[in-house]
Amino acid sequence: MLSRRHRSSDSPGWQEYYTQQARKAGDTRLREFYAAGSVAPQTPIADAPLIALDIETTGLDSRRHSIVSIGLVPFTLQRIHLSQRRYWVVCPPRPLSEQSITVHRLTHSDVADAPDLGEILDELFVSLSGRLAVVHFRHIERPFLDAAIKRRLGEGLKFPVIDTMSLEARRHRQSSWARLRRWLGRPPVSIRLHNSRLRYGLPPYAAHHALVDALATAELLQAQIARHYSPDTPVGELWS
């Protein structure tokens, strides 16, 4: 499987994976997505075409639960392209649970006339092609999209992501300071999206709307890079 960090030049990485999949993927849309290529790992983060991605789901298990909405916001370190934002509500193959309605506030009537995910795949692939996805907690967006697309096309979708939660974890969960806090019996610093944004002076937004969370994630990465990294930082040092 692909590494969490930038691999050395003699090891296969995302670019090689994309090249392989562009040859072997059975679905035309998947072949075209992979043929557009992955951002090179040595690309400075300031030059990378980024796209914030957030999805809302009916639960946390990609094997049993489904996607109900997707938000995308293209951006760079200098600008957020809100005019190019995309947002879809999709009809899940399984009924909504009361718990999921409470979390994302999408009701049965909201999804009743919504398209199936399969009907928006053309637009989704085009929006993601050639861009580096940015998420907050990669264990939702990537596995859910992979499982959902595999159910519809018979083959899944894998792509690199910059995870703003992981960047916060490096600083607040894995550092010497974090270990000292644990040794002193202090509670861990929250690395949830809302709490992470507050540490950078970013305004609070209503949570669990895919488009709003995507925008919030884009702003958070901009703030993280501005405070802790150089614009020349290779994306291979940031992605997973």
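Predicted model: local features only at pLDDT ≥ 70, side-chain atom pairs only at ≥ 80, totals over all residues.
Me: Where does His-172 sit?

Reply: His-172 is in helix H7, residues 164-172; helices here are DSSP runs of H or I with at least four residues, numbered from the N terminus. Residues are numbered from 1 along each chain as its sequence is written, and side-chain values use heavy atoms, with hydrogens and water left out.

Me: Why is His-172 called buried?

Reply: Its relative accessible area is 14%, and buried means under 20% (exposed is over 50%, partly exposed in between, with a 1.4 Å probe and protein chains only). So His-172 counts as buried.

Me: What is His-172 in contact with, leaving aside neighbours within four places in sequence?

Reply: Trp-177, Ala-178, Val-189, Ile-191 and Arg-199. Contact means heavy atoms within 4.5 Å.

Me: And Asp-27, how do you know whether that one is buried or exposed?

Reply: Asp-27 has 14% relative accessibility, so it counts as buried. Asp-27 is found in the loop between helix H1 (14-24) and helix H2 (28-35). Beyond its neighbours within four places in sequence, Asp-27 touches Leu-153 and Glu-155.

Me: What makes H1 and H2 roughly antiparallel or roughly parallel?

Reply: They pack at an angle of about 150°, with axes 8 Å apart. Axes are lines fitted to C-alpha atoms over the stretch in contact, and angles run from 0 to 180 degrees between N-to-C directions. Angles under 35 degrees count as roughly parallel, over 145 as roughly antiparallel, 65 to 115 as roughly perpendicular and the rest as oblique. H1 and H2 are therefore roughly antiparallel.

Me: Which residues of H1 and H2 meet?

Reply: From H1, Tyr-17, Tyr-18, Gln-21 and Ala-22; from H2, Arg-31, Phe-33, Tyr-34 and Ala-35.

Me: How do you know whether H2 and H5 are roughly parallel or roughly antiparallel?

Reply: H2 and helix H5 (residues 121-128) pack at about 10°, with their axes 9 Å apart. That makes H2 and H5 roughly parallel. Arg-29, Leu-30 and Phe-33 in H2 meet Leu-121, Asp-122, Phe-125 and Leu-128 in H5.

Me: Which residues touch the most other members in the largest nonpolar core?

Reply: Leu-50, Ile-67, Ile-70, Phe-159 and Ile-162, out of 53 residues. A nonpolar core is a set of buried Ala, Val, Leu, Ile, Met, Phe, Trp, Tyr and Cys residues joined through side-chain atoms within 4.5 Å. Helix H10 (residues 210-228) gives the largest share of this core, six residues.

Note on methods
Helix = DSSP H or I, 4+ residues; strand = E, 2+ residues; numbered from the N terminus.
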